Amino acid sequence: MQNNKIVLIFVGLIAIFASIYGMSELVTMTDAVRNVWLGVLVFVILLLSLWRKVPLDAKLLFIIIIGYAFGGKGFAYVSPFEPIYIGEICLSLCMFGLLLRLYKSGLLSTPVHIALWLLLIYSGIHLMKDYVDFGLLALRDSATIYYGLYFFAAYVLMDNEDVRKVFFKVLVISAFLAALSTIALIFLQEIIPVEFRIGYSPHPDALIPLVVGGAFYFSTKLLEEKKLSYLLFAVLFLVLILFNKTAALMASFLLLSWVILFAGMRRMILPLVVLGCCAVVALSFMLIFTPDILHDYVASSDHAETFGNQSENLDKRGGATTDWRLTWWEYVWDTTMAYGPLLGQGFGADLSSHFLEDYYGIDPRSPQALAYARYPHNILFTVFGRLGFAGLFLFLIFFWTVFIGFLRFSRKILATKERTNLDLLAFGVCFAGVSNSLVQATYEVPYGAITHWTTMGYVMWRVYGKKPRKEQQPYRPMNSRPVAAMHE
């Protein structure tokens with residue numbers, strides 16, 4: 001016993017001296033090296049302390065989903081060195097975990113798996129040529145497709161009941177962090193220190209699916225359980241949808257239309273109209289008490305438009321959202337048809353600078369132009385511009401299998417007593433991500449893509465995989481038709 005105490009004292013002294021040495025080394029390190037080591041330390045502590053029953057790769061995946069919801073683009077660029085970012089590090093770990101779990105589920109388990117593999121194989125062959133021409137730019141742009149590997153990892157991970165339980169909590173936390181980030185973007189931009197904003201860069205493409213999914217989740221919970229807390233949360237998220245980009249309104253409308261048509265949630269129509277009116281009333285109070293903030297936010301950025309809000313030439317050809325998008329898509333179409341319509345311009349090709357020059361009069365070599373997105377805010381035009389008609393055809397096949405899965409999910413799960421809390425929230429986030437990809441960016445950016453692919457993995461697992469145990473209290477269906485009739 002005495003010997004054990006001596007050993008513990010000795011180990012404790014070594015730990016103290018090691019800590020003192022480590023702190024002295026941190027002081028003398030460069031900022032970049034110090035940040036890397038501190039970041040690694042934080043992630044190691046989180047991985048060791050959080051969710052002990054959850055596999056290591058799932059832990060890291062859930063941590064970065066929460067990070068994207070809060071830190072957006074700033075968190076996405078956490079990296080020891082370029083182009084290895086936190087998303088790629090997590091993907092490597094998830095692929096290793098996938099290899100260890102292949103005995104549970106094959107790589108061709110669903111139609112979505114097969115369609116995605118065809119797209120990945122074609123894109124991989126394309127990348128080998130494009131890397132010679134464009135270097136690291138080609139590798140960076142190919143993330144639009146290779147982030148799909150997260151789908152395979154998430155699909156297999158969802159076999160684990162503990163993973164599903166934690167995933168629901170992660171999505172709830174992420175939805176509230178997205179709400180807080182949206183509020184910060186509206187009201188706190190002027191008071192947040194610049195030093196903090198460098199790392200804290202919430203982005204609408206990360207926030208929109210989570211905010212829309214949160215609104216859908218809490219609205220449905222309110223209608224079924226009629227609790228005051230759900231009313232407050234539902235109104236909060238609906239107000240934030242009104243504040244957000246037009247893409248959030250479009251995603252909300254499409255999601256509501258989908259569940260009414262294919263999940264039989266017709267009782268949602270009238271209550272959601274009432275909730276929408278409550279949101280408008282709340283917005284009106286904000287207009288009365290904070291007119292300057294409201295006007296600046298809505299008129300100068302997210303609704304009035306995204307792209308040219310920093311350009312002095314915004315009104316050169318009409319700065320409306322639809323106008324610049326259509327012009328950009330037309331530019332991508334024309335240049336790809338001229339370059340090579342079958343195979344496209346390749347990963348790494350420039351799809352933006354000439355558009356900026358022609359439309360806004362911005363020098364393509366200027367820092368302002370280089371800071372803008374390299375994707376035309378529509379996944380179909382992004383794929384066509386990079387991979388041509390061949391790639392677009394394969395991507396449309398993939399999209400078709402996804403919507404077939406959504407249809408089966410809506411009829412066999414959302415419309416029945418089998419539906420759980422996670423079903424509702426994950427489907428809302430995933431569906432809103434697909435909608436957002438048609439007018440913003442989901443698949444092209446890590447802070448949108450990784451959350452989206454993970455929720456898609458869960459949705460497809462619920463459709464095609466094993467039935468989960470009832471670890472969560474299922475909802476009472478909103479339609480009065482017998483369950484058996486809905487399966488016919």
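This is a predicted model: local features need pLDDT of at least 70, side-chain atom pairs count only at pLDDT 80 or more; totals for chains, interfaces and linings use all residues.
Start with helix H11, residues 204–225. H11 has 22 residues, and at 1.5 Å a residue they should span 32 Å. The end C-alpha atoms lie 30 Å apart, which agrees with that expectation. H11 is also mostly covered, with 21 of its 22 residues buried. Valine 211 lies in this helix. Its relative accessibility is 1%, so valine 211 counts as buried. Follow the chain 27 residues from valine 211 and you reach leucine 238. The C-alpha atoms of valine 211 and leucine 238 are separated by 8.3 Å.

What happens to the backbone just after H11? There, lysine 226 takes a positive phi of about 50 degrees. Most residues other than glycine have a negative phi. Lysine 226 is not a glycine, yet its phi is positive. The residue sits in the loop between H11 and helix H12, which covers 228–243. Its relative accessible area is 61%, so lysine 226 is exposed.

Histidine 377 also deserves a look. This residue is not a glycine either, and its phi is positive, at about 60 degrees. Histidine 377 is placed in the loop between helix H18 (367–370) and helix H19 (379–414). Is histidine 377 buried or exposed? It is buried, with a relative accessible area of 5%. Lysine 226, by contrast, is exposed.

The model holds 2 cavities of 30 Å³ or more. The largest cavity has a volume of about 50 Å³. Asp205, Ala206, Pro209, Leu210, Val429, Tyr447, Gly448, Thr451 and His452 line this cavity. H11 and helix H21 (446–464) are the elements that give two or more residues to that lining.

The residues around the second largest cavity divide into 4 nonpolar, 2 polar and 2 charged.

Next, the cysteines. A disulfide is a covalent bond between the sulfur atoms of two cysteines. How many disulfides does a search of the whole structure find? The search finds 0. Cysteine 90 shows why in one case: the closest cysteine sulfur, in cysteine 94, is 3.9 Å from its own sulfur, too far for a bond. The cut-off for a disulfide is a pair of cysteine sulfur atoms within 2.5 Å. Cysteine 90 is buried, with a relative accessible area of 0%. Cysteine 430 is buried as well, at a relative accessible area of 0%.

The aromatic side chains come next. A pair of aromatic rings is described by the distance of the centres and the angle of the planes. The count in this model comes to 38 aromatic pairs. One aromatic cluster is formed by Trp258, Phe262, Phe395, Phe398, Phe399, Phe403, Phe406, Phe409, Phe427, Phe431, Tyr443 and Trp453.

Two further residues show how parts of the chain meet. Phenylalanine 167 is placed in helix H9, residues 161–187. At 0% relative accessibility, phenylalanine 167 counts as buried.

Tyrosine 103 is placed in the loop between helix H4 (86–100) and helix H5 (111–134). Its relative accessibility is 65%, so tyrosine 103 counts as exposed. Tyrosine 103 and valine 156 are 53 residues apart in sequence. In space, C-alpha to C-alpha, tyrosine 103 and valine 156 are 9.9 Å apart.

Definitions and conventions: Residues are numbered from 1 along each chain as its sequence is written. Side-chain values use heavy atoms; hydrogens and water are left out. Helices (H or I, at least four residues) and strands (E, at least two) are DSSP runs, numbered from the N terminus. Buried means under 20% relative accessible area, exposed over 50%, partly exposed in between (1.4 Å probe, protein chains only). Rings of Phe, Tyr and Trp (its six-membered ring) pair if their centres lie within 6.5 Å; planes under 30 degrees apart count as stacked, over 60 as edge-to-face and the rest as tilted. On a 1 Å grid over the protein atoms alone, a cavity is a set of points where a 1.4 Å probe fits but cannot get out, and a pocket is an open set with protein on both sides within 12 Å along at least five of seven lines; lining residues have an atom within 4 Å of a point. Grid points are joined across faces, edges and corners, and a volume is the space filled by probe spheres set on the points. Ala, Val, Leu, Ile, Met, Phe, Trp, Tyr, Cys and Pro count as nonpolar, Asp, Glu, Lys and Arg as charged, and the others, Gly among them, as polar. The expected span of a helix is 1.5 Å times one less than its number of residues.
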